[in-house]
Every structure is written in C-alpha cells, then in structure tokens.
Amino acid sequence: MNLRLLEFVVAGNEASDLLPVNSRSLLRAHDAVRGFWTVLDEGPVEYCLALLLERTDGEWVAHHVRADAGVENGRTEDGEALAAHDGWVYVFGSHFGSKAGPLRPRRAFVARFREDDAATGTLPVQVVRNRFRVHRAVNDALVKAAFTPLPPGERVRQRFIGETVSRGTARAKSWVRRLADDDLPLNVEAAAFTPEGTVLLGLRFPVTVDGEPVLVELAGVPEMFTPGGGWPRAGRAYVLTGVTPPGALVGFRAVTPTADGGYAAVVGSIDALGKGSVLLDDHPTGGEVTSRHVRFRWEPADDGRIAGEVVAELAPFRNVEGVAEMDGRSFYVTDEDHRVALWIG
C-alpha cells in the first residue's frame, strides 16, 4: 500500500486514535472540508485534544484544542480511545499503567464533550473517574467468557495488581476492594459505540490464550455523566478471529464504525518493544507484530466469536494507533515521539 505522510507538531506530543469530525459548524469554523479528532496520550485529557484538518484550499493543519475539565483539571492521564455518540465525543483512558506497572487510577476515566462546542471558545469537558469500576466489570466479564484469556506471568500480576493493591492499601483508598489477586490488567486502546448505545471496548491486553484480540461490550456509558445514572456495566466478552498471524499475540489498537454498518480496526502488538515492558518479558511473541487493518461486522456467534478479515498489511509499522475510512480512502495515525504522523492511503 502506498501511503502519503503528513507530519504535525501538536504540543510536542504523539497521537492516539483517529475519529472523523461530524460537526459541520466545527468544520466551518476552521474553513475545513474534513477533519479528525485525535488525543495526545500524555498528560491530562483537557491538554490533549487536537484536530487534524483539511482546509478548503487543500492544506492540512493541526489545531491544539483549548479545553477545561473544571474540578477534574489535572486529574487524568493517558487518553487512548475516541468514540462518537449522539453529538458527543467520548475519550477513554487506558485503565492501564506504565510499562512496568502498577495500574494508575488517573488512567481509569471516561471524558466527553459536545463536538459543536469546540467551534467557539474554550471547550468544556466532562470527566468521570471510575476508580477501577470498569476494571472490575470487565474482569468479571472475562471470567464468564467462552474463551480463555492469556494468563499474565507472575511478574506481571505482581507489578500490575499486587503493587496497585499495596499502594492503595497504604493510602487507605476505597477502590482497593475492586481489585482481586487473580485479576488481569486491562489496557484499553479502542472504543466504538454500537447502534444500541453500548460501547465496544477493544483491549490491547489481555488477549486470548490463542493470541486473538478481545472486545468487551460496556453498557451505561452515557448515563454515568447524568446524576443518579450509575456506573457502566460489562456485558459479554468477544474474540475477533481470523486476524492473528500464526504464533503471534495480537491486541486491538483502534476500532471505528464504517459507512456500511460494520467496523474497521487496527490490530497489532500487545506492547511496544524496547521500552521496558514486563508484558513482553513474559510474552515476547506479542511485540514482534506489525499492524494490520481489519474489518468485521457486529454479528457475534453464540460462543462470542466474531469473524474478521484482513484488509491491509501495514508492515513495517508496529505503531498504528488510529484508523478511519472516508471517501474511499484509508487514514491512519501512528504513535511517534514528539510529532503527529497522519498517513493517507
């Protein structure tokens, strides 16, 4: 595949995910014909929202969005996934930790904003930190799954679960009761809404014991932003088949709806090489994997299996973190140090 590269510098940071702009007023405000949201994956969410825009004269520009999360300013980090629903853009934290653990409560959040509000002035952002409630719900769903998740090694379990519990206990944190010794650390990298208003969370980790990527359906996400709306509830866990190379471990890097009612996704490594990942210490075949552009329809079998197909091999890239399909073209964003790289195919 021949790809055209567009490079931007946005707050000196790299990008995660790619979500088409749906707001006509936002595009008009920037004299743009099309555009994408991306989230910069270091720092609080209110500092990490950006637009990649194609102007009417054909020039592509990047715009760092000024935002305000009110009392939650400075209390989140590591936004990874974007999803659109009912005029809102949702941002999901990774719910993970550093490459060597432990889990970080600041990453267990969901934020949202009205896309039209980004057309003028400072963008108001709503933030709900779930204090490991999503971790608990997803882990409970994985226990009930028809497939077997890949068990973490003892070092991973101790670094991510054991140390998190120890730190929380020492600080008398109430969220400690939502963690169990046999939990799997979650790394949320992708999200997309279904027509029913539930969210498909694409996990980079865990994967199945056969190395296949996992989706978990989450209900009640919009309601968590309304008074008395409660907390999200995990439904079933699903496995995407037919997209994992033999002998490899493959997790989700991005998921997005397509115009025909299906979904496009990027799958790839379970963690980055050369950055001290304890996951890769235990599972080295999860790092030497190049990215793949895949598609699937939301038609799960009774056993939770979803048939996927490979659309394009994105070798030599191991760091594709966002995908969009628009006007017969594919758009990708890659995780690059100190820059944003948009690739158009």
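This is a predicted model: local features need pLDDT of at least 70, side-chain atom pairs count only at pLDDT 80 or more; totals for chains, interfaces and linings use all residues.
Residues are numbered from 1 along each chain as its sequence is written, and side-chain values use heavy atoms, with hydrogens and water left out.

A search of the whole structure identifies eleven aromatic pairs, where rings of Phe, Tyr and Trp (its six-membered ring) pair if their centres lie within 6.5 Å, and planes under 30 degrees apart count as stacked, over 60 as edge-to-face and the rest as tilted. One of these joins W60 and F331, whose ring centres are 6.4 Å apart with planes at 50°, so the pair is tilted. This pair links distant parts of the chain, since W60 belongs to strand β5 (residues 60-64) and F331 to strand β21 (residues 329-336), 271 residues apart; strands (E, at least two residues) are DSSP runs numbered from the N terminus. W60, at 9% relative accessibility, counts as buried, as does F331 at 0%, buried meaning under 20% relative accessible area with a 1.4 Å probe and protein chains only.

Y90 and F225 form an edge-to-face pair, with 5.9 Å centre to centre and 70° between the planes. Both Y90 and F225 are buried.

Finally, the charged end of R112 sits over the ring of W88, 3.7 Å from its centre, a term that requires NZ of Lys or CZ of Arg within 6 Å of the ring centre and within 35 degrees of the ring normal.

Terms used
Helices (H or I, at least four residues) and strands (E, at least two) are DSSP runs, numbered from the N terminus. Buried means under 20% relative accessible area, exposed over 50%, partly exposed in between (1.4 Å probe, protein chains only).
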